[in-house]
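Subject: the model, and some notes on it

Hi,

Here is the structure I promised to send over.

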Amino acid sequence: MSPTHTRPRVLIVGAGLAGTATAIRLLRFARSPLEVVLLERRSDYRSAGVAYHRDGNPWDHVFNIQAGRMSVFREDVLDFVRWANREADRRDWPAPWDELEFVEQGPAPRRIFQDYLTDRLAEARRESCPGVVLVEMDGEAVDLDVRSGRVTLTVRQPAGVERGEEPTVLFADHVVLATGLELRDPPFAADVRAHPSFVRNPYSATGVRKLETLPPEATVAIVGSVLSAYDSAGLLLRQGHTGRIHLISKTGTMFRTYPSGHEHGVLQLPCPKALLEPYRNREEFLARVRSEWEAARSTILRERPDVDPAVIAERVAKAWEPHLPAAIERIPSAELRSLLDEFGTLIAALRVGAVEYTMAVIERAIRAADGPVKLVVGNVEGIRPTASGRLVVSVASSEEKRTVEADLVVSNVGRESDYSRVGQSLWRNLLRRGIAVPHERTGRGVEVDEHGTLLSPGGEPAGPISAVGVPREGDEIVRNGRTGAFAFNLAAIKNHSIAVAARVIELLELGEDSPPRVMARFRGHDSNSEEAARAGFEDAVSLEVRRLATRARNERERLDSRLDASIRSLGELPLLPAATPRNDRLMRAAVNRAAVERLTDVTVTPRQLRRHLGIANADDLED
């Protein structure tokens with residue numbers, strides 16, 4: 001692909017959930033010719049990634065959260081459930097899924113999400129404006145550079161590697177990095193990485209095959225007690241496993257079961273003011289956290305009897321998010337990293353739970369006196385092979401050291417969040433070139449600005465390069481207070497895809513008319529009371545919200561025409577400097593940013609969002 005192409009090109013690196021969601025938004029948001037290239041190094045990961053691809057997810061692997069929260073569109077909360085019931089091809093589905101009527105609060109197999117994303121991407125391609133095209137390409141991005149405001153990407157083709165061919169160089173006007181989870185080889189497994197009784201990745205075809213073919217009486221050690229560990233244990237139990245299953249957890253944290261009929265909710269709670277006091281030391285800070293936490297729980301128990309006790313922790317954690325950035329700002333970086341490392345699993349368990357389908361089988365097996373699942377609390381120090389072919393896991397806690405001998409050891413530990421240690425060639429080269437910088441405050445992900453643009457070591461935008469999903473974990477924590485696994489899950493990715501796609505389109509449409517100092521004045525415009533009061537502005541924003549949320553091209557074009565007329569009728573915007581000439585494209589950018597902020601508002605639930613924005617439909621009212 002040469003640099004002489006006639007239409008702008010946006011290249012997305014990674015075609016998993018984050019990359020596919022961003023491609024869908026770009027195809028829907030673009031009003032003029034655009035080429036969207038969706039690059040994926042593994043064809044089986046396309047529209048799925050590691051979390052949802054079919055080969056790594058047997059039918060018993062279900063979403064941790066309810067099916068009604070799995071829509072890829074935040075503004076259309078029931079889209080996934082409607083697709084599963086009305087559009088999905090069930091001819092090859094096994095019982096009971098082949099005849100199940102999916103409901104908002106119920107479970108759904110994780111593997112069907114790949115078909116859902118594939119269908120929604122195909123729909124976005126069909127309904128895109130003339131000249132807007134999607135190119136799906138196989139290959140691994142290994143290097144990237146910025147030259148004269150454009151990006152060159154070096155791609156290694158799978159077939160080319162086998163034939164010894166040189167990598168391909170692609171040119172793009174903007175690159176979106178959606179590279180997903182980065183795996184790390186855990187140090188404790190150094191001696192058994194290639195051992196046939198060790199499963200490094202339980203979401204690989206090889207890992208699933210080992211679990212499915214394991215003798216039912218075999219002893220299993222699963223390192224980690226996070227939700228992915230429950231997938232492995234649940235798979236074994238549902239196929240009749242009777243041998244001992246050891247869940248080895250550093251903290252002993254267990255996740256909770258969502259109550260039947262659970263719906264996502266957002267409560268307004270008082271600001272935990274004690275957390276905003278100066279940071280003195282860990283013990284004193286944790287005491288303040290516990291005190292504020294108990295006060296918040298008591299408030300809910302006293303004032304909101306309708307809230308199930310099982311989700312009070314989730315409600316508190318969510319209500320605190322707007323206040324956490326100010327609290328985090330007071331914590332020294334070294335202490336912040338240490339706190340996140342020590343309490344990350346606990347925070348995730350407070351913030352999210354799992355559906356009964358997953359948890360019921362685990363809880364029965366672990367609570368029974370003679371149940372096959374046992375929780376082992378301690379830190380894994382090492383794993384060594386024995387002459388018999390089994391593996392011995394050494395576990396140390398504050399009270400004792402012990403060993404667990406097993407026929408199979410499954411590792412659910414080892415996600416690499418420190419990008420200075422990531423092994424992928426692309427990220428190594430981005431850091432080497434100074435195009436990306438590891439997140440300084442948290443040591444998780446990379447530095448980005450409020451738009452998701454990569455920052456250089458000097459804190460300036462490194463070029464037309466954005467990130468979505470996992471690479472923004474550290475920024476999500478310090479900027480938005482989103483902690484635990486929630487920092488990079490589906491909810492965050494939905495918002496990233498909207499905001500980044502809109503930002504890319506804005507930059508391509510404005511070009512030289514988008515000086516940073518002028519466009520920076522638009523930030524926070526929809527909360528500016530003077531501007532909000534200006535006649536017509538709110539109507540324009542409402543039209544843009546509906547346009548961004550509309551899937552059918554004809555309806556988007558109709559709304560676009562109305563929006564153009566509305567913008568032409570607007571007067572000068574008071575937020576622009578007096579010397580700035582009237583420019584309808586800048587006006588449109590202001591309207592678009594207001595619409596994006598509203599579509600990505602996390603202070604309300606997706607269903608509340610639809611109603612607030614006036615895009616609720618009959619499906620919402622029925623449920």
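First, the ground rules. This is a predicted model, in which local features need pLDDT of at least 70 and side-chain atom pairs count only at pLDDT 80 or more, while totals for chains, interfaces and linings use all residues. Residues are numbered from 1 along each chain as its sequence is written, and side-chain values use heavy atoms, with hydrogens and water left out.

Most residues other than glycine have a negative phi, and most peptide bonds are trans. Here are the spots to look at with that in mind.

The peptide bond joining alanine 95 and proline 96 is cis, with omega at about 0°. Proline 96 sits in the loop between helix 3 (79-86) and helix 4 (113-126). Helices here are DSSP runs of H or I with at least four residues, strands are runs of E with at least two, and both are numbered from the N terminus.

Serine 47 is not a glycine, yet its phi is positive, near 60°. You'll find serine 47 in the loop that runs between strand 2 (34-40) and helix 2 (49-52). Serine 148 also has a positive phi, about 50°, and belongs to the loop between strand 4 (140-147) and strand 5 (150-156).

Which of these serines is buried, and which is exposed? Serine 47 is buried, because its relative accessibility is 3%. Serine 148 is exposed, at 80%. (Buried means under 20% relative accessible area, exposed over 50%, and partly exposed in between, using a 1.4 Å probe and protein chains only.)

**Nonpolar cores**

The largest nonpolar core has 129 residues, and Phe80 and Phe113 have the most contacts inside it. Such a core is a set of buried Ala, Val, Leu, Ile, Met, Phe, Trp, Tyr and Cys residues joined through side-chain atoms within 4.5 Å. Leaving out neighbours within four places in sequence, phenylalanine 80 is in contact (heavy atoms within 4.5 Å) with Phe63, Ala67, Met70, Ser71, Ala108, Ile112, Phe113 and Tyr116. Another core lies apart from that one; it has 28 residues, including Val37, Val422, Leu430 and Ile465.

**Cysteines**

How many disulfides are there? A search of the whole structure finds 0, a disulfide being a pair of cysteine sulfur atoms within 2.5 Å. As for accessibility, cysteine 129 is buried at 10%, whereas cysteine 271 is partly exposed at 27%.

**The cavity**

There is 1 cavity of 30 Å³ or more. A cavity is a set of points, on a 1 Å grid over the protein atoms alone, where a 1.4 Å probe fits but cannot get out; lining residues have an atom within 4 Å of a point. Grid points are joined across faces, edges and corners, and the volume is the space filled by probe spheres set on the points. For the largest cavity that volume is about 60 Å³.

Which elements give two or more residues to its lining? They are helix 7 (227-238) and helix 12 (356-367), and helix 7 supplies the largest share, 5 residues. Among the lining residues are Asp60, His61, Tyr230, Arg238 and Tyr357. The lining divides into 5 nonpolar, 3 polar and 3 charged residues, where Ala, Val, Leu, Ile, Met, Phe, Trp, Tyr, Cys and Pro count as nonpolar, Asp, Glu, Lys and Arg as charged, and the others, Gly among them, as polar.

Aspartate 76 lies in the loop between helix 2 and helix 3 and is buried at 11%. Beyond four places in sequence, aspartate 76 touches Ser71, Arg82, Arg551 and Arg610. Aspartate 76 is also 539 residues from isoleucine 615 in sequence, but 8.8 Å from it in space, C-alpha to C-alpha.

Valine 604 is in the loop between helix 20 (584-599) and helix 21 (606-613), buried at 10%. Its contacts, with residues up to four places away not counted, are Arg74, Val266, Leu609 and His612. Valine 604 and valine 266 are 338 residues apart along the chain, with 6.0 Å between their C-alpha atoms.

Serine 197 is in the loop between strand 7 (174-177) and strand 8 (198-199), and is buried at 12%. Leaving aside neighbours within four places, serine 197 is in contact with Gly389, Leu391, Asp407, Leu408 and Val409.

Cheers

Conventions
On a 1 Å grid over the protein atoms alone, a cavity is a set of points where a 1.4 Å probe fits but cannot get out, and a pocket is an open set with protein on both sides within 12 Å along at least five of seven lines; lining residues have an atom within 4 Å of a point.
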